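Subject: Structure handover

Hello,

Here is the structure I said I would pass on. My notes on it follow below.

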Amino acid sequence: MASASQSSATLDAPSPALIIQQSIAESLLEHDKNPVYCSGTWKVASDDIILFYGENEGTRRLALQASATPAQLEHLADSCDKATFGVNQEDVLDETYRKAGKLDADHFAWNFQAFGLVDHIKKVLFAMDSKPREIRAELYKLNVYGPGSFFKSHKDTPRGEDMFGSLVVVLPTPHEGGELYLRHGGKEWVYDSASELASLREGDGPGIGYVALYSDVEHEVASVKSGYRITITYNLYFTSDENAPTPKIPAPPSIEPVAALLGDLLAQPKFLSKGGLLGFGLQHEYPFPQRERRTNTSIAPLERVLKGSDRVIMNAVRQHGLEAALYIVYKASGGVYGGGDAEVISQEYIQWDDEHEVEKVDELLVANYGGIVTKSKYRRYEDEEWGWKKVRKEEYPMVWITKSKQNSFKDVYLAYGNQASLGHVYGTMVLVAKVGGPATDST
Ligand SMILES: O=C(O)CCC(=O)C(=O)O
Ligand SMILES: [Fe+2]
């Protein structure tokens, strides 16, 4: 009896383990929503879309940035062999299944480097990995789908264990039809290269269409109605670490010691107790952004290209939850402003000119360019300080951890005065982290 009641209890209430098992299965189902392909358009440079092709010495050059003429495209189509497809490890020619032209990788070349695109594909298809596996694309074939060409439903034959998918790049030649249908897990999608390419706006420069799909995704190219649909396909592989040469360089030091020391510094009760700024000179050089005449440009985008120890310190201060950014430390000489050690930091790289007089560079920076005063002009002359109360009040104390003169510039500005004269503005790009709230003055 006891055993009977036990078994009925098992039937009524699923065990906790079973509930967890079901939850795992359910949440894995959620992950089936991960994309099995990705597609879109990709911007390229004009030089990227020049095609060189030929089976023998006489190589043709076909530049696609300006639209190719029908005669040029016909020549390319005529240079192709008939495309075959794989059935049971054999290449089969059957134009009722696949009608298209092909060139093997040893009969064509183009400048386009797929690295950026491949990196993008990696992030979309392997977003579930905290550190996505490295992948690479190997040039495979060029195909020309002229009017009436198609490729019926198939899966691509994986070439090697590490191959996980295919990348099809569609060149920007006008065509109609030739949609790519993709099917997986009972779902269907369509990638319409003709309309994707047509949607590229002229002012945006040239672009290509692309679709990257897992090898187990069934796909089919619908019949091309007009024009030429030219594709370049790549095989996509996981890169194997086995063949990678062992690095000769020693492993870089971890950021942990720097972050720990920074933590110790911030924990000091007297250190910037009212808040302030931590300044770091940069150890590498960075190109200042292009300035248009009489405009200013933010240097914030340079943050993405920080190198070496500059990157380490940016990561370390952020690890401590500090707000940090690149700034330019401005100082000026000449005009009313001249002299003094005043310093103002701003994220704007300013185009000074010799037509507009500037009375006080520091005040202009504060008023118009988000400037923060780190040293006010008259701090050394106490009797004059009354006139600068307002600016003094806004002064943020800056503690320099490292100093550097790298990434400095000198500009000329028109200094206001009885007689306008030329002055100089000096700038140095640095990394600044904010500690605590703004420095407040109790007076
Ligand atoms: O051109 C396409 O969109 C796909 C071509 C294809 O399926 C293949 O070459 O295997
Ligand atoms: Fe295919």
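I start with a strand pair: β7 and β11 are joined in the antiparallel sense over 2 bridges. Within this pairing, R98 stands opposite F151 in β11. Please keep in mind that this is a predicted model.

The two strands belong to an open sheet of 5 strands, in the order β7-β11-β17-β14-β15, with antiparallel pairing. At the edges stand β7 (98-99) and β15 (187-191); each has a single partner strand, so one side of each is left without a neighbour in the sheet. As a general point, strands of a sheet pair through backbone hydrogen bonds, either parallel or antiparallel.

The largest pocket has a volume of about 540 Å³. It is lined by 29 residues, and the closest to its centre are R98, Y140, F151, H154 and D156. By class, the lining of the largest pocket divides into 11 nonpolar, 10 polar and 8 charged residues.

The second largest pocket holds about 420 Å³ of space. Its lining has 19 residues, of which Q65, P172, L197, L200 and E202 are the closest to the centre. Helix α5 (residues 193-198) gives the most to the lining of this second pocket, with 4 residues. The classes here are 10 nonpolar, 7 polar and 2 charged residues.

In soluble globular proteins, nonpolar side chains tend to be buried together. The largest nonpolar core in this model has 56 residues, and those with the most contacts inside it are L51, L76, W110, L142, L167 and L171. Strand β16 (residues 207-214) supplies the largest share of this core, 6 residues. Which residues does L76 touch, not counting residues up to four places away in sequence? They are L51, Y53, L62, L103, L142, V144 and I230. Among these, L51 and L142 are also listed with the most contacts inside the core. A second, separate core has 39 residues, including L282, L306, L326 and A415.

Regards

Definitions and conventions: Residues are numbered from 1 along each chain as its sequence is written. Chains are lettered from A and ligands numbered from 1 in the order in which they are written. This is a predicted model: local features need pLDDT of at least 70, side-chain atom pairs count only at pLDDT 80 or more; totals for chains, interfaces and linings use all residues. Side-chain values use heavy atoms; hydrogens and water are left out. On a 1 Å grid over the protein atoms alone, a cavity is a set of points where a 1.4 Å probe fits but cannot get out, and a pocket is an open set with protein on both sides within 12 Å along at least five of seven lines; lining residues have an atom within 4 Å of a point. Grid points are joined across faces, edges and corners, and a volume is the space filled by probe spheres set on the points. Ala, Val, Leu, Ile, Met, Phe, Trp, Tyr, Cys and Pro count as nonpolar, Asp, Glu, Lys and Arg as charged, and the others, Gly among them, as polar. A nonpolar core is a set of buried Ala, Val, Leu, Ile, Met, Phe, Trp, Tyr and Cys residues joined through side-chain atoms within 4.5 Å. Buried means under 20% relative accessible area, exposed over 50%, partly exposed in between (1.4 Å probe, protein chains only). Contact means heavy atoms within 4.5 Å. Two strands pair if DSSP finds at least two bridges between them.
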